[in-house]
Amino acid sequence: MTGSGAEKSNEVKLGRPFGSTSEETRARLLDAAAALFNAHSFGEVSLSRIAKSAGMTGAAIYNHFESKEELFAETVKDRIRKNHKIISKAAGIEGSWKDRLNNILTIIGKIQKAERGFPLITSVAQTRMVREPEKYTDIIELRREYSLIFQSIVADAINAGDLPDTVDVPIAGELLMAFTANSISTVSFYHPSHREIDKIVDAVRALLGIDR
């Protein structure tokens with residue numbers, strides 16, 4: 001087949017996968033965007049490139065997102081929501097604050113092995129939130145909710161007498177989140193093998209003074 005007929009055939013091939021729902025298509029776009037935004041700078045990633053990576057036409061992407069900025073923000077929110085759900089479940093086990101934190105670290109390590117954590121996305125998002133917080137209020141609120149998991153662990157440590165009651169729980173929770181979830185993600189970007197990720201998680205445990 002040649003000419004316009006071939007172009008039309010290719011266009012159909014790259015459209016929404018046959019039988020997929022709108023939600024499934026949106027999820028594929030978010031996954032493709034996450035991978036590209038994490039591998040390249042924001043300026044290097046185009047909507048057409050994301051659509052192609054997801055296996056659809058560039059025009060199809062506008063059925064779900066109005067701009068690259070919106071898609072980026074939705075990608076960040078999608079990752080935060082997914083991680084929040086997983087980490088919240090990990091923190092919900094019975095036991096001491098050390099048991100809960102240990103379980104969280106184990107799960108974070110598994111997330112890193114499966115997805116490599118997307119540290120570049122996190123870095124770009126944080127920079128944009130500082131510069132234009134009014135555009136990223138949803139992400140800021142999601143991040144605040146995420147930090148509550150770590151604040152609860154700090155509060156438990158204070159109640160157990162392992163931390164002084166003068167510790168500011170919100171600030172300490174933010175620091176604990178940064179030192180665990182964020183730092184493991186960043187360091188594992190440079191040490192991506194599964195064995196190295198295990199070593200990173202064990203190093204965090206040692207620095208925090210908790211046992212496996």
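A word on the ground rules. This is a predicted model, so local features need pLDDT of at least 70 and side-chain atom pairs count only at pLDDT 80 or more, while totals for chains, interfaces and linings use all residues. Residues are numbered from 1 along each chain as its sequence is written, and side-chain values use heavy atoms, with hydrogens and water left out.

Let me start with the helices. When I say helix I mean a DSSP run of H or I, at least four residues, numbered from the N terminus. Helix H2 covers residues 22–39. Its 18 residues reach 26 Å from first C-alpha to last, close to the 26 Å expected at 1.5 Å a residue; the expected span is 1.5 Å times one less than the number of residues. Buried residues in H2 include Leu29, Ala33, Leu36 and Phe37. By buried I mean under 20% relative accessible area, with exposed over 50% and partly exposed in between, using a 1.4 Å probe and protein chains only.

Now to H7, which runs over residues 137–159. H7 has 23 residues and reaches 32 Å, close to the 33 Å expected. Where is H7 kinked? The kink is centred on Ile149 and comes to about 30°. That angle is taken between axes fitted to the seven residues ending at a residue and the seven starting there. Ile149 is itself buried, and so are Tyr146, Phe150, Gln151 and Ile153, among others in H7. Just after H7, Gly161 takes a positive phi of about 85°.

In helix H4, Ser88 is partly exposed, with a relative accessible area of 33%. Leaving aside neighbours within four places in sequence, Ser88 is in contact with Asn83 and Ile149, where contact means heavy atoms within 4.5 Å. Ser88 and Leu148 are 60 residues apart in sequence, and their C-alpha atoms are 9.4 Å apart.

Then there is helix H8, residues 169–190, where we find Ala178. Ala178 counts as partly exposed at 32% relative accessibility, and its C-alpha lies 9.7 Å from that of Phe150, 28 residues away in sequence. Thr180 also lies in H8. Is Thr180 buried or exposed? Thr180 is buried, because its relative accessible area is 0%. Not counting residues up to four places away in sequence, Thr180 touches Leu101, Leu105, Ile108, Phe150, Val204 and Leu208.

On to the cores. A nonpolar core here is a set of buried Ala, Val, Leu, Ile, Met, Phe, Trp, Tyr and Cys residues joined through side-chain atoms within 4.5 Å. The largest one has 28 residues, and Phe37, Ile50, Ile61 and Leu71 have the most contacts inside it. H2, helix H3 (47–54), H4, helix H6 (119–131) and H7 each supply at least two residues of this core. Which helix gives the largest share? That is H2, with seven residues.

Finally, the charges. How many salt bridges are found in the whole structure? The search gives 13, each being a side-chain nitrogen of Lys or Arg within 4 Å of a carboxyl oxygen of Asp or Glu.

I'll show three of them. Asp78 and Lys82 meet at 3.3 Å, N to O, and they sit four residues apart in H4 (residues 68–91), about one turn of the helix. Asp78 counts as buried, because its relative accessibility is 15%, whereas Lys82 is partly exposed at 36%. Glu132 pairs with Lys135, their closest N and O atoms being 3.1 Å apart; here Glu132 is partly exposed at 26% and Lys135 is exposed at 53%.

Being three residues apart in H7, Arg144 and Glu141 are separated by about one helical turn. An α-helix has 3.6 residues a turn, so residues three or four places apart point the same way. Elsewhere, salt bridges with shared partners join Arg26, Glu74, Lys77 and Asp138 into one network.
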